[in-house]
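Hi everyone, thanks for making time this morning. I'd like to walk you through a few pieces of a structure, so please have a look at it before I start.

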Amino acid sequence: MKSNNIWQAVLGEIELSISHGNFITWFKNTQLVSDFDGNIIIGVNNIFVKQQLEKKFIDNIKAILQKNGVQVKNISFEIQNINHEDSTDINNEVVEDLEEIHQKDKIHQQLTNSLSHTYRQGLNEKYTFDNFIVGDGNELAFAACQAIVSQPGTRYNPLFIYGGVGIGKTHLIQAVGNYLVKNNNFSKVLYISTEQFVQEFVDALRFRKTADFVSHYRTADVLIVDDVQFIAGKEKIQEEFFHTFNALHQANKQIIISSDKPPKDIPTLEERLKSRFAWGMSIDMQNPDFETRCAIIKIKASEQGVDLTNDVVEFLANNIQTNIRELEGALNQLLAFCEMRQLEPNLTITSSLFSSIKSRPKHLSSRQIIEKTARYFQIQMEDILGAKRDKDIVVPRQVAMYILRSELHLSFPKIAKELGRKDHTTAIHSVDKIEKESKINMEIKKAITEITEKLYV
Amino acid sequence: MKLQVTQENLNKALMSVSRIASSRSTLPILANVLIKTTNNLLTISATNLSLAITHSIGAKISQEGSITVPARLMQDYVSSLPADIIELEVENNKLKLKTKNYTSTINGISADDYPEMPSIDKPSKFTIQSSSLKEALSEVVLVASNDETRPVLTGILFDSNEHGFLIAATDSYRLAEKKLTSLKKDFKLLIPASSIQDLLRILPDENITINIEYDDNQIKFNVNEIELLTRLLSGQYPDYQALIPKKFEIKATVDKQSMISIVKIANLFARETAGSIKINIKNNLVEINSIASQIGENNSSTEAQTSGQGEITLNAKYLLDALNVINSNKVDFNFNGKLEPILVTPNNQKNYLHIIMPLKS
């Protein structure tokens with residue numbers, strides 16, 4: 001048995017015989033240094049551990065070693081400082097830090113020298129610029145990201161990208177991170193979803209590790225934050241994020257943020273954060289147009305080794321307009337269907353498969369729709385279902401009816417019943433009215449898209 | 001164990017020791033203090049496995065023994081007792097404390113489970129006066145980093161050679177160095193700044209001689225009846241000497257108090273920019289400017305003796321830290337313009353220097 005394995009066996013056995021706290025405190029970071037001729041030397045962290053092991057555990061260790069067939073004459077402990085980094089590296093790094101942090105041409109060099117390994121927290125390598133499809137809706141965002149990777153931290157800092165679900169925000173910002181890690185040797189690129197940031201912050205508070213948390217984020221070279229809208233309403237975290245943001249921005253570190261709406265529309269976001277988010281550049285990413293959708297389908301299909309005919313591509317692009325995520329879902333569904341039955345995908349199969357596309361999504365209930373609508377308009381569900389006819393309740397009620405019709409394809413009498421109305425003509429009138437209104441009234445149109453989006457998230 | 005001890009002595013010992021005991025450790029017994037009789041002395045000790053403090057006090061011991069009890073409870077209890085004689089008795093891992101009017105029992109854990117207080121086998125030794133050590137450490141310690149990703153920077157460097165004894169710290173944004181008279185010994189020790197904070201707490205106000213013992217991995221300070229032992233950090237400390245500029249073009253000598261007050265004022269307007277203030281030196285005037293786009297801006301100045309002119313942007317907090325530890329009525333500023341570090345020293349004293357990196361403005 002190799003010496004390393006022997007020590008693992010000893011640790012394993014000891015762990016079972018003593019309390020967890022004892023094991024962690026005394027045996028973590030111990031190692032077998034040498035076992036020459038029955039003279040066992042064990043490396044430990046500090047004198048406290050050394051003395052404790054000598055006093056309490058030496059017989060135990062000896063017995064287990066012998067059980068594992070090791071000859072033991074003498075066991076001694078040696079204090080070793082376990083160093084994770086090469087100290088000369090640190091030396092250089094600090095000297096550089098202290099010397100000239102200010103001359104721009106040195107920044108790059110310093111970053112490349114600063115750490116021997118690179119950080120790439122949270123980045124998924126499958127997102128790259130190469131497989132990002134540029135179309136009308138995302139041209140500007142793509143160009144801005146290209147500019148950023150050529151000179152991180154100097155142009156468009158922070159970059160704020162917003163747009164609906166499933167149109168490639170995450171893909172684009174992850175691509176920036178991946179590119180920088182790969183091509184610029186950027187030492188510390190952090191990608192984090194806001195939800196994760198919140199979670200880590202809460203944990204840091206709980207385990208009193210806020211200092212670690214703070215220094216982890218403030219030493220990033222590039223910080224990418226996804227779905228920042230979820231920070232809304234969390235004051236303490238906004239404050240922490242604010243300071244992190246400032247520290248990085250001031251050090252000319254690149255910050256990239258994505259959200260589903262522009263900063264000014266994120267409710268309960270503090271003013272100072274709003275103004276900061278809008279500081280560099282905010283870019284709206286739009287839903288892809290028809291041509292882009294076609295291109296996406298083609299590329300995704302060829303990634304899976306399938307060539308689709310143009311009519312199939314166009315059928316899919318025409319029928320699924322909401323977002324790219326659904327487009328991919330539909331494509332995968334088609335390809336899986338054909339693969340299982342060993343068929344070549346063609347228009348007949350596609351259209352029969354997706355004729356049911358208009359059928360009711362199974363996971364949605366009418367109650368969910370009414371609830372989401374009520375929440376969007378910030379009114380009580382009882383009001384929507386109740387008898388009140390105030391304008392600020394009537395409109396949401398009508399919108400709910402419209403969405404029940406458009407998404408679930410319910411019959412009018414059923415819609416009326418769901419909302420506690422007696423007469424199905426009310427439902428017909430409401431759906432008609434909203435259908436017309438939504439073409440001219442942007443408020444209503446926005447409400448419908450946002451509620452619908454939330455249903456499918 | 002059975003003994004009698006005065007409340008004052010016991011309280012004093014618990015005060016210096018119990019702070020070390022932490023309830024956050026993975027090992028529950030580390031939240032306790034060890035109470036033990038040795039050679040007719042009562043010793044109170046605690047450790048957090050990086051540092052250990054033992055305080056010995058006189059007591060009338062009628063039966064030897066030892067126990068560990070929760071540090072917080074013990075300290076809170078003893079400090080609220082009146083100044084009187086306390087009788088301590090251990091029975092079945094319970095500590096009985098008796099005074100005239102109070103009797104209580106604290107559940108403890110056997111001292112066998114408590115980590116042994118370490119000793120240094122073949123120590124090297126030196127001595128130093130506590131007043132100069134205390135002064136030097138308090139002028140340097142706040143500069144050390146608390147970023148655990150670069151462990152060497154969380155330490156305070158004791159660098160002794162023929163020419164002098166240097167105590168230094170840096171967090172790579174600033175640097176402080178104090179030069180003490182030579183000990184005529186050669187060593188380089190790197191002590192965790194957190195241990196130095198604890199050492200500062202137990203250093204007395206009056207001047208005494210401190211005996212220090214060390215080997216490759218630990219160092220022990222004997223301060224009167226208290227022993228503090230801490231592990232040493234390993235690793236190569238950055239060669240910071242190379243970074244101290246040798247020549248300066250711009251110099252100013254300012255009254256320390258008026259400098260502190262204008263920096264404080266400027267700092268009010270620098271919250272938004274994380275404390276960045278612009279310092280402008282010209283024509284016998286030091287002028288500070290800070291701008292907060294949302295709040296407003298500030299311009300303050302104070303008289304100075306200057307030579308040369310130029311400006312530099314600094315972090316107000318770092319500057320205040322430096323000014324607050326400098327022990328002199330007047331301070332000297334020396335720098336070479338925006339991009340190079342600024343040197344802050346007490347006026348006409350060569351034994352202390354504080355260097356701050358400028359911010360990009």
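**Helix pairs in chain A, then a look at chain B**

Let's begin with a crossing: H16(A) passes H18(A) in a right-handed crossing. Keep in mind, please, that this is a predicted model.

To place the pair for you, H16 covers residues 366-376 of chain A and H18 covers residues 391-408 of chain A. Their axes are 9 Å apart, and the packing angle is about 140°. H16(A) and H18(A) are therefore oblique to each other.

Who makes the contact? On the H16(A) side you'll find A:Ser366, A:Ile369, A:Ile370, A:Thr373 and A:Ala374, and H18(A) brings A:Pro396, A:Val399, A:Ala400, A:Ile403, A:Leu404, A:Glu407 and A:Leu408. By type, that contact holds nine nonpolar residues, two polar and one charged.

Now for another pair in chain A. Helix H6, residues 139-150, packs with helix H7, residues 169-183, at an angle of about 20°, and the axes are 10 Å apart. That angle falls under the 35 degrees cut-off, so H6(A) is roughly parallel to H7(A). H6(A) also passes H7(A) in a right-handed crossing.

Here H6(A) contributes A:Ala141, A:Phe142, A:Cys145, A:Ile148 and A:Val149, while H7(A) contributes A:Leu172, A:Ala175, A:Val176, A:Tyr179 and A:Leu180. What is the split by type in the contact of H6(A) with H7(A)? There are ten nonpolar residues, no polar and no charged.

On to chain B, which has six helices and 25 strands. Of its 361 residues, 42% are buried. If you take the contacts in chain B between residues at least 6 apart in sequence, 65% of them join residues at least 24 apart.

Is B:Leu229 buried or exposed? B:Leu229 has 24 other C-beta atoms within 10 Å, so this residue is buried. Leaving aside residues up to four places away in sequence, B:Leu229 touches B:Leu51, B:Ala52, B:Pro118, B:Gln218 and B:Lys220. Take B:Pro118 from that list: B:Pro118 and B:Leu229 are 111 residues apart in sequence, yet their C-alpha atoms are 7.7 Å apart in space.

One last stop is helix H3 of chain B, residues 130-140, where B:Leu133, B:Ala136, B:Leu137, B:Glu139 and B:Val140 are buried. Looking down the axis of H3(B), these buried residues fall within an arc of 165°, so they line one face of the helix.

Methods: Residues numbered from 1 in each chain as written. Chains lettered and ligands numbered in written order. Predicted model: local features only at pLDDT ≥ 70, side-chain atom pairs only at ≥ 80, totals over all residues. Buried ≥ 20, exposed ≤ 12 C-beta atoms within 10 Å, placed from the backbone. Helix = DSSP H or I, 4+ residues; strand = E, 2+ residues; numbered from the N terminus. Arc of directions from axis to C-beta. Axes fitted to C-alpha atoms, helices over the stretch in contact; angles between N-to-C directions. Parallel < 35°, antiparallel > 145°, perpendicular 65-115°, else oblique. Left-handed = near helix turned anticlockwise from the far one by under 90°. Contact = placed C-beta atoms within 7 Å. Nonpolar A, V, L, I, M, F, W, Y, C, P; charged D, E, K, R; others polar.
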